[in-house]
Amino acid sequence: MVDKIPCALVVMGVSGSGKSTIADALAKRLGWRCEDGDKFHPARNVAKMSAGQPLTDEDRWPWLQAIADEIDRSCKTGERVVVACSALKRAYRNILVHGRNDVRFVFLDGTEALIAGRLAARKGHFMPPGLLTSQFKTLEPPAADERPLTVSIDAPVGAIVDDIIRQLTPGPA
């Protein structure tokens, strides 16, 4: 059975995996709106991460709920949206979808070494490279029952977006 096109795609992965870049390129290609999950963080979360302190689950709950509310609002109005959000744990993803079957996750899969190199070259972001190890320790890759679209990030942006769209709209079997 081929899934219908979802009302929302959540582009997920650790910091530095390319969530914002891929979400933006994917949204443009699909003609959907793009939201960066980082903008939903309360100021205290940004300050904590900027200071090199990993967020706790308690820090994340209001942030995840704000993103879930935005997904709900968009889907209710018939709008389609691509959201960049780390969504590292299944519990976090459960908050975002809360039983919906019209939201899909796009998991940006890459090695810690590849992403560390990207983070080292990144300027002006509140997430310091030193938190990457904690991100990988926290990461619970999505399970098959979550119906993720998994893509390798070891490719150019256009090729990654092509892969996502190919998985989102499979041809005849």
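Trainee: In which loop does Ser17 lie, and between which two elements?

Mentor: Ser17 sits in the loop that runs between β1 (8-12) and α1 (19-30); helices (H or I, at least four residues) and strands (E, at least two) are DSSP runs, numbered from the N terminus. The model is predicted, so local features need pLDDT of at least 70 and side-chain atom pairs pLDDT 80 or more, whereas totals for chains, interfaces and linings use all residues. Residues are numbered from 1 along each chain as its sequence is written, and side-chain values use heavy atoms, without hydrogens or water.

Ser17 has a relative accessibility of 1%, so it counts as buried (under 20%; over 50% is exposed and in between partly exposed, with a 1.4 Å probe and protein chains only). A polar atom of the Ser17 side chain lies 2.7 Å from the backbone oxygen of Val14. That is a polar contact (N or O atoms within 3.5 Å; within protein, one able to donate a hydrogen and the other to accept it, with sequence neighbours counting only if both atoms are side-chain atoms). Leaving out residues up to four places away in sequence, Ser17 touches Leu108, Ile115, Arg118 and Ile153 (heavy atoms within 4.5 Å).

Five strands form an open sheet in the order β2-β3-β1-β4-β5, with parallel pairing (two strands pair if DSSP finds at least two bridges between them). At its edges are β2 (33-36) and β5 (149-152), each of which pairs on one side only. From one strand to the next the twist averages 20° (axes are lines fitted to C-alpha atoms, for helices over the stretch in contact; angles run from 0 to 180 degrees between N-to-C directions).

Take the two ends of that order in turn. At one end, β2 pairs with β3 (residues 81-84) in the parallel sense over 4 bridges, and Glu35 stands opposite Val83 in β3. At the other end, 4 bridges join the parallel strands β4 and β5, and Asp109 stands opposite Ser152 in β5.

Ala25, a residue of helix α1, touches Val157 and Val161, not counting residues up to four places away in sequence. With a relative accessible area of 21%, Ala25 is partly exposed.

The largest nonpolar core has 46 residues, and those with the most contacts inside it are Cys85 and Leu96 (a core is a set of buried Ala, Val, Leu, Ile, Met, Phe, Trp, Tyr and Cys residues joined through side-chain atoms within 4.5 Å). Helix α3 (residues 57-76) gives the largest share of this core, 6 residues. Apart from residues up to four places away in sequence, Leu96 touches Val10, Leu64, Ile67, Ala68, Ile71, Cys85, Ala87 and Phe105.

Helix α3 also takes part in the 1 aromatic pair of the structure. The ring centres of Trp61 and Tyr92 are 5.7 Å apart and the planes meet at 75°, so the pair is edge-to-face (rings of Phe, Tyr and Trp, its six-membered ring, pair with centres within 6.5 Å; planes under 30 degrees apart are stacked, over 60 edge-to-face, the rest tilted). Trp61 lies in helix α3 and Tyr92 in helix α4 (residues 90-97), so the pair ties together parts 31 residues apart in sequence. Trp61 is partly exposed at 33% relative accessible area, whereas Tyr92 is buried at 1%. Asp69 is another residue of helix α3, partly exposed at 41%, and its side chain makes a polar contact of 2.8 Å with the side chain of Gln65.

His98, in the loop between α4 and β4, has a phi near 30°, a positive value in a residue other than glycine, and is partly exposed at 43%. Arg147, in the loop between α6 (132-138) and β5, has a positive phi near 55° and is partly exposed at 26%.
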